[in-house]
Amino acid sequence: MNPRYSKKSTPQPRRSWRAAASSRRYPWSDTEKAMNLKYLAAAALCACSALANAQVLVKNATLLTLAEGQDEPFSGYLLADADGAIVAVGPGSYSGELDYATSVVDASGMLVVPGFVSAHNHLWQTAFRGLAIDEELWPWLKALHWTYGDFFADGDFYWFTLHGAMDQLAHGITTTYSHSQRLGGSEAQYLESLAAEAGFSQHFVFSYNGNVNQPEQDYRSDFAAFMALSRDYMAQPGASMLAPAMHSVALHGNLPMLKVEMDVAAEYGLGAQFHYLEQYSRREQDRAEWPDLMAAGAVRKGNSFAHFIHTTDEILDDTAAGGAGMSWNPLSNGRLASGLADIPGYLERGIPVGMGVDGAASADIGDPFENMRMGMYALRMQHRDAGIMSPLQVMKLHTMGSAELIGVADKVGSLEPGKRADFLVLDPDSPATGALFYPAAHIVATMSADNIDAVYVDGKLRVKNGEILEQDMDLVQQEVEKRVADIVARQQAAQ
Ligand SMILES: [Zn+2]
C-alpha cells in the first residue's frame, strides 16, 4: 500500500456550505454521488425492518463513516436499533417511519465520526500521571511499576481501571485494547481490572497478563479460569467486552514460558500483543530476542507488537511474511523519548498498523486527537514532507486500523450497518475552530476532545459536553486520589 497522500490543489473555503449552516450540506463530489446510490439502496432495504425497535436516529449530520471506499463526508443520517447496532446510514433524510420511542438527534452543523479505537492501553495508569517526566522507559518503569506495584490493595485495580476507562471514553475512545498489567497484585486483585471494564460501557478487548512465574500447569489453569470469566462477561446482555486476548510477557526474562504462552494463545484462538523495540538504548538487546520470537511462533497473523520502533529489515521482512502487526503510540513514544516508528515504511510493506494512546502515565492524557496530531506531525518533521501522511489516513489508523489489528473490525471502527453504533458528535463551533474546508483535516489539525459534543456507545448517549452520564467522575476521582495516597504511604512505610 502506498501511504502517501495524493495532494490536491489548494482548497477554497466552502462559503456556501458554511453560510447554509442550518443544513450544512456538503457539496457532492462525483465519488459521493456514486456512493450515495449505494447508501440509498442500503437504507431502503433496511428501513422497513428497523422501525419497530429503532433506538436513535441522528439526522442532518455531516457523516464521515470511514467505511471501506467511503472517504468523502456526506450530509445524512444514522439509525441504530435497540440492541445498539447500526441498521442504516446514508445521505439525505431518513424516509422511513419510526417507533414513538426513538430518540431523534438533530446534528445540524455537527460532524459525526466513528468512535476512536485505541490498540494499546494500560487503563490503571491514569492514577499516576506526571511521574518521572525526564526519564526514558526503564527508569520510568522503575519510578512507577517497580516502586508502587507491590503495594496495591483490594479495590485499587478496580477503581484505577474504571477511572482510566472513563477518561478514555470522555476523550472519544469508544473501544480500547486493555493491555492489562498485574504488577504485584494477586490473581483476584488483578482480575478487578476486568470487572471494572465489564461494568462500564466502553467497549474493550481484555489482554490477559498471565503469571508466567509459576509452573506451566498453574499458568494454564489461571488462563482457563480467565477464559471462563470472559465468556460469562461476554454473554451478558449489552456486554462491553468484545473479545479476550493475551498480553505476552515471557519474552523479557522467562523464555521457557514464551512457547507455552504462544501454544495457549493458539489453543484458544487468541491474538497476543508484546511490548517490543520501545526504548532506544535497549534496541540491541531487544533485537537479539527476535530469533526467540520467531522460534516460539510469535510472529503470526493476529499477533502484534506495541511500539516496534527500532526494527531492522530482517525483522520487518519476517513480520510482513508472518502477518503480525503493530500498534503505533506516538504520544507515549514522544514522552519517553523512545523514537519514531517508520509507519509509512511499515504500511508500504503491508504490515497492519493501529494506533494506541498507551498508558496514561506515559502519554499522559489518553487523547486520540493529540495522538493523531503528534504522530502525523512527527512523521512530517522527520521526513520534511507534508504529504507523508494525511489527516484521513491517520484517522483511519486510529479507527479501522486499530479495529483490524485487535480483531474486532467486524464490530467497530467504522459506521456501517451491522456494526455497533459507537460514534462521536463533534461540534466545530464549540470551541470555534474556524472555516471548515475538509472535515478530516479539520478534525486532526484543529479539534480537541473539547469539541466532542456527545459520545455514543451501542447507540446510547454516554458522554455529553464532557460529562460522563453513567458514573460520577468526581467521586471516582476522589476515590482514586485517596487510594494513590494510601499506596504511597504503604510504600514509604516499607522503606
Ligand atoms: Zn504499553
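Biologist: How many helices and strands has the protein chain?

Modeller: The protein chain has 18 helices and 17 strands. Here helices (H or I, at least four residues) and strands (E, at least two) are DSSP runs, numbered from the N terminus. This is a predicted model, in which local features need pLDDT of at least 70 and side-chain atom pairs count only at pLDDT 80 or more, while totals for chains, interfaces and linings use all residues. Residues are numbered from 1 along each chain as its sequence is written, and side-chain values use heavy atoms, with hydrogens and water left out.

Biologist: What share of the 495 residues is buried?

Modeller: A residue is buried under 20% relative accessible area, exposed over 50%, and partly exposed in between (1.4 Å probe, protein chains only). In the protein chain, buried residues make up 56% of the 495 residues.

Biologist: Which way do the residues of strand 12 point?

Modeller: In a regular strand the side chains alternate between the two faces of the sheet. In strand 12 (residues 325–328), Gly-325 and Ser-327 point one way, Met-326 and Trp-328 point the other way, and all are buried. Trp-328 counts as buried because its relative accessible area is 0%.

Biologist: Which strands pair with strand 12?

Modeller: Two strands pair if DSSP finds at least two bridges between them. Strand 11 (residues 304–307) pairs with strand 12 in the parallel sense over three bridges, and strand 13 (residues 353–355) also pairs with strand 12 in the parallel sense over three bridges. Ser-327 stands opposite Ala-306 and opposite Gly-354 in strand 13. Ala-306 and Trp-328 are 22 residues apart in sequence, yet their C-alpha atoms are 6.7 Å apart in space.

Biologist: What is the handedness of the unit that strand 11, helix 12 and strand 12 make?

Modeller: A crossover is right-handed if, with the strands pointing away from the viewer, the path from the first strand over the helix to the second runs clockwise. Strand 11, helix 12 (residues 313–322) and strand 12 make a right-handed β-α-β unit. The loop between strand 11 and helix 12 holds Thr-311, which is buried because its relative accessibility is 17%.

Biologist: Which side chain makes a polar contact with that of Thr-311?

Modeller: A polar contact is a pair of N or O atoms within 3.5 Å; within protein, one must be able to donate a hydrogen and the other to accept it, and residues adjacent in sequence count only if both atoms are side-chain atoms. The side chains of Thr-311 and Tyr-346 are joined by such a contact of 3.0 Å. Leaving aside neighbours within four places in sequence, Thr-311 is in contact with residues including Leu-277 and Arg-287.

Biologist: Which residues coordinate the zinc ion?

Modeller: Donors are N, O and S atoms within 2.8 Å of the metal (3.2 Å for Na, K and Ca); water is not among the atoms, so sites may look incomplete. The zinc ion is coordinated by His-120 (NE2), His-122 (NE2), His-275 (NE2) and Asp-358 (OD), at 2.0 to 2.7 Å. His-122, in the loop between strand 6 (116–121) and helix 3 (137–143), and Asp-358, in the loop between strand 13 and helix 15 (368–383), link distant parts of the chain, 236 residues apart. Both His-122 and Asp-358 are buried.

Biologist: What is the geometry of the zinc ion's site?

Modeller: Four donors count as tetrahedral if all angles lie between 85 and 135 degrees; four count as square planar and six as octahedral if opposite donors are over 155 degrees apart and all others between 65 and 115; anything else is irregular. The four donor atoms of the zinc ion make angles of 83 to 176°, and the site is irregular.

Biologist: Where does the backbone have a cis peptide bond or a positive phi?

Modeller: Most residues other than glycine have a negative phi, and most peptide bonds are trans. The bond from Ala-363 to Asp-364 is cis, with omega near -10°, and the bond from Ser-430 to Pro-431 is cis, with omega near -5°. Ala-132 has a positive phi of about 45°, and Leu-277 has a phi near 55°. Ala-132 is partly exposed because its relative accessibility is 21%, whereas Leu-277 is buried, with a relative accessible area of 0%.

Notes. Contact means heavy atoms within 4.5 Å.
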